[in-house]
Amino acid sequence: VQLQAFGGGLVQAGGSLRLSCAPFGGPFSNRDVAWFRQAPGKEREFVAAIRWSQGSTYYTDSVKGRFAISRDRSKNTVALQMNSLKPEDTAVYYCAAGTSKIMGYYSNPRGDDYAYWGQGTEVTVSS
């Protein structure tokens with residue numbers, strides 16, 4: 001499965017962006033689909049994930065209440081709606097897909113646990 005991410009761009013603080021992730025070569029099926037991000041000079045970090053089969057969602061604390069991850073079964077896509085953006089949200093955002101994780105996994109999610117990655121889309125939030 002290959003993934004492609006769309007929707008990055010430049011936005012002012014307080015604004016919104018919507019990222020989308022689409023698979024090529026196979027459906028999301030029973031996988032978890034996640035967004036990670038990597039800011040310049042920083043390590044990659046988990047942002048949000050959704051369990052495709054059930055729709056369960058998971059977020060890192062810093063984006064709770066501002067970001068929303070969702071799935072569109074008819075289009076076979078996953079979106080990340082980002083509202084109230086802050087300069088510290090500036091990063092390259094990557095979508096990733098992998099096997100569904102066990103209960104409790106999202107207390108410490110790791111990028112290495114996802115087998116499929118998109119190319120990344122850049123988000124820049126100006127102050």
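Modeller: Let us start with the disulfide, defined as a pair of cysteine sulfur atoms within 2.5 Å. Here C21 and C95 form one, with their sulfur atoms 2.2 Å apart. The pair ties together parts that are 74 residues apart in sequence, because C21 lies in strand 3 (residues 17-24) and C95 in strand 9 (residues 91-99). This is a predicted model, in which local features need pLDDT of at least 70 and side-chain atom pairs count only at pLDDT 80 or more, while totals for chains, interfaces and linings use all residues. Residues are numbered from 1 along each chain as its sequence is written, and side-chain values use heavy atoms, with hydrogens and water left out.

Biologist: How many disulfides does the rule give, and what is the handedness of the C21 and C95 bond?

Modeller: The count is one disulfide. Its S-S torsion is about 65°, so the C21 and C95 disulfide is right-handed.

Biologist: Are C21 and C95 buried or exposed?

Modeller: Relative accessible area decides: buried means under 20%, exposed over 50%, and partly exposed in between, with a 1.4 Å probe and protein chains only. By that scale C21 is buried, and C95 is buried as well. Over the chain, 41% of the 127 residues count as buried.

Biologist: How many helices and strands does the chain have?

Modeller: Both are DSSP runs numbered from the N terminus: helices are H or I of at least four residues, strands are E of at least two. This chain has 11 strands and zero helices. The pattern along the sequence is therefore β-β-β-β-β-β-β-β-β-β-β.

Biologist: What does the radius of gyration say about the chain?

Modeller: The radius is taken over C-alpha atoms, and the globule rule is 2.2 Å times the number of residues to the power 0.38. For 127 residues a compact globule would have a radius near 14 Å, and the chain's 13 Å agrees with that. The C-alpha trace spans about 40 × 30 × 25 Å along its principal axes.

Biologist: What share of the contacts joins residues 24 or more positions apart?

Modeller: Contact means heavy atoms within 4.5 Å. Among contacts in the chain with a separation of 6 or more, 57% are between residues 24 or more positions apart.

Biologist: Which residues does W117 contact beyond its sequence neighbours?

Modeller: W117 is placed in strand 10 (residues 116-117). Leaving aside neighbours within four places in sequence, W117 is in contact with L3, F36, R44, Y94, C95, A96 and G111. C95 in that list is also the disulfide partner of C21. W117 has 25% relative accessibility, so it counts as partly exposed. W117 and V33 are 84 residues apart in sequence, with their C-alpha atoms 9.8 Å apart.

Biologist: Where is Y58, and which residues does it contact?

Modeller: Y58 lies in strand 6, and at 23% relative accessibility it counts as partly exposed. Neighbours within four places aside, its contacts are F46, V47, A48, A49, R51 and Y106. T60 is found in the loop between strand 6 (57-59) and strand 7 (67-72). T60 touches F46 and V47, not counting residues up to four places away in sequence. From T60 to P109 the C-alpha distance is 9.4 Å, across 49 residues of sequence.

Biologist: How should I read a positive phi?

Modeller: Most residues other than glycine have a negative phi. N76 has a positive phi near 55°, and N76 is found in the loop between strand 7 and strand 8 (77-82). S84 also has a positive phi, near 50°, and S84 lies in the loop between strand 8 and strand 9. With a relative accessible area of 40%, S84 is partly exposed.

Biologist: Which residues does S16 touch?

Modeller: Residues up to four places away in sequence aside, S16 touches V11, Q81, M82, N83, S84 and L85. S16 is found in the loop between strand 2 (9-12) and strand 3, and at 39% relative accessibility it counts as partly exposed. S16 and V125 are 109 residues apart in sequence, and their C-alpha atoms are 9.5 Å apart.
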